[in-house]
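Dear colleague,

Please find the structure below. My notes on its aromatic pairs and overall fold follow it.

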Amino acid sequence: MSTVYVIQRPRENKFGWVPDLTDAARYGKMVIVFETSDRPQFLPVPSLRKARKAMKDFGPEDYLLWAGGGDPIAVSICSMVARESSPVVRFLRWERNKEEGKRDRRQGWYMPVAIEFENYMREED
C-alpha cells in the first residue's frame, strides 16, 4: 500500500479553515513529516535529518502532500528527500470544486501529479 507523506500537519489558515485530508487518505496511509511547531527555515540541517527519518521508506508509489500554510522550506526539504529515494516523485494536488464560476477552496479532491526525473532531459535554450 502507498504512503501519503503529509509535509506539515495542517493548521487553521487565515480564513479560519483547516484543510481536510480525508480525500487524500484513499491514496494510502498518512504519515506526518513535520508538526506545526517545527520550523525548518530556522533549523534546516536538523529538519533534513527529521525528514529523512520520517521518509526512510519513500518509494515511487508514495505521495507528498502539502496542505498549504506552514513552512515552504519544508516542501523543499521533503521534495529533496523524496528525490534521493526515488526516480519518480508523486504529489497530491488539491483541486477545488467549481460551482457557477466560483471556486470553493473548502470543497474538492486530491489529484495525483507525478514527476519522473529519470525521463527528464534538459532542453537546450
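Tyrosine 27 and tyrosine 63 are both buried, where buried means under 20% relative accessible area, exposed over 50% and partly exposed in between (1.4 Å probe, protein chains only). This is a predicted model, in which local features need pLDDT of at least 70 and side-chain atom pairs count only at pLDDT 80 or more, while totals for chains, interfaces and linings use all residues. Residues are numbered from 1 along each chain as its sequence is written, and side-chain values use heavy atoms, with hydrogens and water left out.

A search of the whole structure gives three aromatic pairs; rings of Phe, Tyr and Trp (its six-membered ring) pair if their centres lie within 6.5 Å, and planes under 30 degrees apart count as stacked, over 60 as edge-to-face and the rest as tilted. One of them joins tyrosine 5 and phenylalanine 58, a tilted pair with 5.6 Å centre to centre and 45° between the planes. Tyrosine 5 lies in strand 1 (residues 3–8) and phenylalanine 58 in the loop between helix 1 (44–54) and strand 3 (63–65), 53 residues apart. Both of these residues, tyrosine 5 and phenylalanine 58, are buried.

The ring centres of tyrosine 27 and tyrosine 63 are 5.2 Å apart with planes at 65°, so this pair is edge-to-face. Tyrosine 27 sits in the loop between strand 1 and strand 2 (29–34), and tyrosine 63 in strand 3, 36 residues apart.

The chain has two helices and five strands, which are DSSP runs (helices H or I, at least four residues; strands E, at least two) numbered from the N terminus. Their order along the sequence is β-β-α-β-α-β-β. Of the 125 residues, 34% count as buried.

Kind regards
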